[in-house]
Amino acid sequence: MSDTNARPRDLSQGAAPGKYLTFGLGEEVYGLEILKVQEIIGLMQVTRVPGLPAVIRGVVNLRGKVIPVVDLRRKFSMESKADTERTCIVVVRVRRDGQDHTVGLIVDDVREVLAIAENQLEAVPRFSKDVETGFLLGMAKIAQRVVMLLDVDQILSSTELWSMPASVGGPLPLEQES
Amino acid sequence: MKDKLDGLCEAFVMAEVGDRPALRALRHRVDDVLQDAVDARMVEALTGLGRTLDRLLAGADPDPDGSWKSVEETLLVLQGLAQVPAGAPPEIDADLFGGFVVEAREHLEAAEAQLLALEADPSQVEAIHTVFRAFHTIKGAASCLDLATLQALAHETENLLDLARKGAIPMSGVATDLVFDAVDAMKRLVTDVETLMTSGTMPAPDPAMDALLVRIRAGVGLPKPADLEPIAIANLDPEAPSPVAAPAEEKVPVKEPVRVDADRLDRLVNLIGELVIAESMVSQSNELRGLAAGGTLGRSLSQLDKITRELQEMGMSLRMVPVRPLFRKMARLARDVSHKLGKPIEFVTTGEEIEIDKAILNCVTDALVHILRNALDHGIEAGADERLRAGKPAAGRLELRASHREGSILIEVEDDGRGLDYEAILAKGIEKGIFQKGERPGEQEVFQLIFLPAFSTATVVTQLSGRGVGLDVVRTSVEALRGRIEVQSRRGRGTTFRLRLPLTLALIDGMVIRSGGERFVVPTLSITRLVRPGADQLATSLGRGEMLLLQDELVPLFRLGRLLDVTAAAEPTGSEVAVVVEDGGRRAALLADEVLGQQQIVIKGLGISLEGVAGISGGVILADGQVGLILDVPGLLARTTSLAERGAEVVGGSVVVRTAG
C-alpha cells in the first residue's frame, strides 16, 4: 500500500450510495460498484501463466480477448477451496495509467444487486495494523448483515498484475483498449 | 474570385522572372480582379498594386526591387483577405484538413524522391517540374485552408523552382539544399496542421521559418548560369553524348484509393483473425465431426473454410504497404549523412515494391536509421584514398534491399566499407569478460557482440553514432517484432546487416506443443528443426545440464515442464519431441511431450505486465477456445544461457555455434 499515511479515509471520498453487486467469499459478503462490473461469467478453464504470483490464477478467453483472472480468496489471504458449481468470474473494468483494463475476479458465488442508501453506509473501522483495509471503500449494513464495499481500483493496483510501470511493459501494445 | 486571385499570383510568378509582356499581363489581371472585388480593403490593396505596376511598367520606379517585394506582400494579403470572411473565426473541417495533411505528405514525399533523383542525375529536367507541381499543389490547397505560413513557404520555394525549371538558375548545390530544407520545413508545418486538428490550437510558429524564407528569397538571386561553368544545365555541349531521355515516370494504371481510418482497419483485421479461429473451432469440433462426414454439412463446412481463408488473405493484404516510402526516407537520410560526413556514396535500393505490414514498417524505421548511420559513419572509409588503395571506387556504395524469403521479409543493408574488425571486437569481448584470453571463437559468435548494450569499438564518438547506443536497441526492436537480425562481414570488403521480419504482426505461424497438461505455442520462425531424440542423442553432464546431440553439434536441452514449472508434468514416455530453436546465433532444444500441430495464430496481450515473466510473450486462442501461451524464444534462451554455459564447460567448451549462412 502506497498510501498508508492517507488513512483513515474520508467517507465522502469512499463509498457512495448507489447500486452494488454483492458476492460471497467464504462467510463474508462483499460489494462492487455496479458501474465497474462489466459482466459475470461462469468459471472456465483458466490457463496458468508460469512465473506470476499465485494471486493471479491465470488468463481466460473472454470472447476472443485474453484477460487475467485474480483469485480473490488468495488476494485476501483466505484459505483456498475447491471450485464449485457456483464459483464464477466477475469481470470488472479498471482504469490505470489512462487505459482501461478488463480483469476477472474469481469469487465463491454472486448474490444480488443491492441499492445502498446514504444512511446505510459506514466508514471503515480501524482494525489492528495487520488487517489490510486499503481496498475497502466503506461498509454497508443491510438487514443485519455487513457488506464490505470494495475499491476495485485499489485491489488491482496493489496487485502483482502490474509489477512494472506500463511504459516498460510488453514490447508491443497489443490488444490494449484506449 | 479565388480562381482569379490564383491567376493573379501565377501571373506574378511569370512576371517576376519574365519580361514586359508578362508584366503587362499581370497588370491586366489586377484590373480583372478589381472588377469582382467587393471588400473595401481588397479594393484598396488592388488599386495600390495597380499603381505600383504602372510605375514599374513605365520604368519610373525608383526602387524596383523594393516594389516587387511590396507587390508580393500585397498579393499574400489579398489571398488572406479572400479566404477569411471578416470576423468569422476560422473553422476547422476535420475531413478537409485531414485530407490536406495526407495529400501534402504524399506530395512532399514525391518531391523528395524527385530531388534525390535530380541530384543523382541533374539532366532530369522533368524531375524539377514534378517538384514544382508538388509545391504548387500544396500552395493551392494551403490557401484554401488559410494556412498562411505554409502558403508563403510553398510560394517562395515555387519561385525558386520556377527559375530552375526555366534554366535561369542551376538546380544543384545550394539551390537543392534550399529545396530540401523547404521540404523539411513544410513537413513540420504539415505536422503543425495535424496538431491544430487534434488540439485546436496551432503550435507557435518556428522562428527558423523566417530565416528560411529569407534564404530562399536570396536563393532566387543565385548566380545565373552565365556566371558558372555550364555543368549544371543539362548537356549544352554538342560533343557530349546526347542526354538519355529522362525515364518517363512509370505509368501505373490509376486505382481509386479509399482512405480508411487505421483503427477501423485494425479492428477489421482483428475480427477476421477471430473469425478464422472461430471457424476452426467449429470445423474441428468433435460434435460436428460425426455429422459432417460426407454429407452436405461437410461440403458447407469446407466452403466456409475456403471463404474464411480468402477473407483472411484479403484482410492481411489491406495492411500491406510497399516499402518504397521507407526506402525513400532512407535515401534522403543517406544523402544528408553522407554530405555531413563528406563521404560521397552511391545509394542503391532494390525491392521497393515489396509489401509489408504497415505496423512493422513503422517500427522498423528507427532500426534502419541506426544501421544506415552506422554504415556511413563507421563502415564506409573516411577518405577516398583509403578506398582507392583498397582497390575500391572512391564513392562508397550502400545498398538497401528488400525481398521475400521463406514467408518472411528480408531487409538487407550492405556497405562496401571496412568491414567489422574481428580482432577489435574480440579484444573488447575479452575485456568485458565474455571470452577468455587466448580464445578464438568463430566470427559469427564474435560479431554478435556488437548487438550487446554499451558495446562500441568505435574509437571516436562522432556526432552521429558510436556512443554505444544503437545496435542493441536495433536488435531489441527487431525482436519485439518477432524478427531476427544478423550481421555478416568481411574485413576490408564490407558489412551486411540482415533483418528478417514477419510479413504481418496480426498473424504468425505457430507450432502448438504440449507439456504435461499445458499447451504452448512456439513461433515457427524461431524453430530450426524438430527431433525425436533417441537415447543415444541425449547426454547428461553431472546430472545437471542436458545436451542434445544433433549430427555433430551439442545443443543444450531443456525440459519445458521443468523450465516453466508445469506441475503435472508427465513421466518420460519416450515419445517426447525436441524443438530446436534459435535466436541470434544461440540454439537450444526444448523438450516437449508432444507436438500438436501448426496453427496460424493471432497474438494477444495477456492484459498483464509480463515484465519478470521470462519466456512468455503473449497469449493465443487455441482451436478449442482455451488460451495458450506463446513462448518467447529470445527470453527463454537468455534465461537458459547461464545453464548452457555451465554445461558447455563440462563437455570441454565444444558447443558449436552455428555460423549463419
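Modeller: Gladly, and bear in mind that this is a predicted model. Let me begin with strand β9 (residues 518–523) of chain B: 6 of its 6 residues are buried, so β9(B) is largely enclosed by the rest of the structure.

Biologist: What makes both faces of β9(B) count as covered?

Modeller: A residue is called buried if 20 or more other C-beta atoms lie within 10 Å of its own. On one side B:E518, B:F520 and B:V522 are all buried, and on the other B:R519, B:V521 and B:P523 are too. In a regular strand the side chains alternate between the two faces of the sheet.

Biologist: How do you know that β9(B) pairs with strand β18 (residues 627–631) of chain B?

Modeller: Pairing takes at least two bridges, and 2 bridges join these strands, which run parallel. Within β18(B), B:I630 is the bridge partner of B:V521.

Biologist: Which residues make the contact between α14(B) and α18(B)?

Modeller: From α14(B) come B:C363, B:D366, B:A367, B:H370 and B:I371, and from α18(B) come B:L471, B:V473, B:V474, B:S477 and B:V478. These contact residues divide into 7 nonpolar, 2 polar and 1 charged. As for handedness, α14(B) passes α18(B) in a left-handed crossing.

Biologist: And chain A? How many helices and strands does chain A have?

Modeller: Chain A has 2 helices and 11 strands. From its N terminus, the order is β-β-β-β-β-α-β-β-β-β-β-β-α. Of the 178 residues of chain A, 31% count as buried.

Biologist: In what order do the strands of the open sheet in chain A lie?

Modeller: The order of the 6 strands is β8-β1-β2-β11-β10-β9 (chain A), with mixed pairing.

Biologist: What makes β8 (109–116) and β9 (121–122) of chain A the edge strands?

Modeller: Each of those two strands pairs on one side only.

Biologist: And how do you know that strands β10 (residues 136–142) and β11 (residues 145–150) of chain A pair?

Modeller: At least two bridges are needed; β10(A) and β11(A) pair over 6 bridges, in the antiparallel sense. One bridge there takes A:M139 to its partner A:M148 in β11(A).

Note on methods
Residues numbered from 1 in each chain as written. Chains lettered and ligands numbered in written order. Predicted model: local features only at pLDDT ≥ 70, side-chain atom pairs only at ≥ 80, totals over all residues. Helix = DSSP H or I, 4+ residues; strand = E, 2+ residues; numbered from the N terminus. Buried ≥ 20, exposed ≤ 12 C-beta atoms within 10 Å, placed from the backbone. Left-handed = near helix turned anticlockwise from the far one by under 90°. Contact = placed C-beta atoms within 7 Å. Nonpolar A, V, L, I, M, F, W, Y, C, P; charged D, E, K, R; others polar.
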